[in-house]
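Morning, everyone. I have one structure to go through, and I will keep to the geometry.

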Amino acid sequence: MKPWYQWYDRVPTVLQDPNETLVDRLVSHCHYQPNNVALYYFGTSFTWNQLTDRVKRIALSLAPMGVKRGDRGAVLLPTMPASWDVQL
């Protein structure tokens, strides 16, 4: 047992890997609660529907450059909505 586990009171020491990806979760949220707020940034709200649309537009813009599903890349952006769009 790791010594810091003694401070974990109600936090599990082992987490199970989720059976779905972030994209799966995004699509699910968009389907079940499309108009709920997904991101709030400096007074601007983005719904799950809007976030999904932004992610799809980025994916479509990368395709002509030869980027395919499963390809890996690096992104360096400040903490802002665009960083979520690109990561998803």
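Predicted model: local features only at pLDDT ≥ 70, side-chain atom pairs only at ≥ 80, totals over all residues.

What is its phi? It is positive, about 45°, although F42 is not a glycine. As background, most residues other than glycine have a negative phi. F42 counts as exposed because its relative accessibility is 76% and the cut-off for exposed is over 50%.

Next, the aromatic rings. A pair of aromatic rings is described by the distance of the centres and the angle of the planes. How many aromatic pairs are there? The count comes to 3. One of them is W4 with Y5, edge-to-face, at 6.1 Å centre to centre and 85° between the planes. W4 has 45% relative accessibility, so it counts as partly exposed. Y5, at 23%, is also classed as partly exposed. F42 comes back here, since it forms an edge-to-face pair with Y41, with 4.8 Å between the centres and 90° between the planes. Y41 is partly exposed, because its relative accessibility is 30%. Then there is a cluster: W4, Y5 and Y8 form one aromatic cluster.

On to the helices. How are α1 and α2 arranged? Helix α2 covers residues 48–62, and it packs with α1 at an angle of about 140°, the axes being 8 Å apart. The two helices are therefore oblique to each other; the reason is that roughly antiparallel would need an angle over 145 degrees. The crossing of α1 past α2 is left-handed. On the α1 side, the contact is made by L26, H29 and C30, and on the α2 side by W48, N49, L51, T52 and V55. Sorted by type, the residues of this contact come to 5 nonpolar, 3 polar and no charged.

Now strand β2, where F46 is found. Is F46 buried or exposed? F46 is buried, because its relative accessible area is 13% and the cut-off for buried is under 20%. Which residues does F46 touch, leaving aside neighbours within four places in sequence? Those in contact with F46 are N36, V37, A38, L39, R54 and P81. For a distance across the model, F46 and W7 are 37 Å apart in space, C-alpha to C-alpha, and 39 residues apart in sequence.

Two loop positions remain. N35 is placed in the loop between α1, residues 22–32, and β1, residues 37–41. N35 is exposed, with a relative accessible area of 61%. G73 and D17 are 56 residues apart in sequence, and their C-alpha atoms are 23 Å apart.

The α1 and α2 contact has no charged residues. That is all from me.

Methods:
Residues numbered from 1 in each chain as written. Heavy atoms only, no water. Phe/Tyr/Trp six-rings, centres within 6.5 Å; stacked < 30°, edge-to-face > 60°. Buried < 20%, exposed > 50% of the residue type's maximum accessible area, 1.4 Å probe, protein only. Helix = DSSP H or I, 4+ residues; strand = E, 2+ residues; numbered from the N terminus. Axes fitted to C-alpha atoms, helices over the stretch in contact; angles between N-to-C directions. Parallel < 35°, antiparallel > 145°, perpendicular 65-115°, else oblique. Left-handed = near helix turned anticlockwise from the far one by under 90°. Contact = heavy atoms within 4.5 Å. Nonpolar A, V, L, I, M, F, W, Y, C, P; charged D, E, K, R; others polar.
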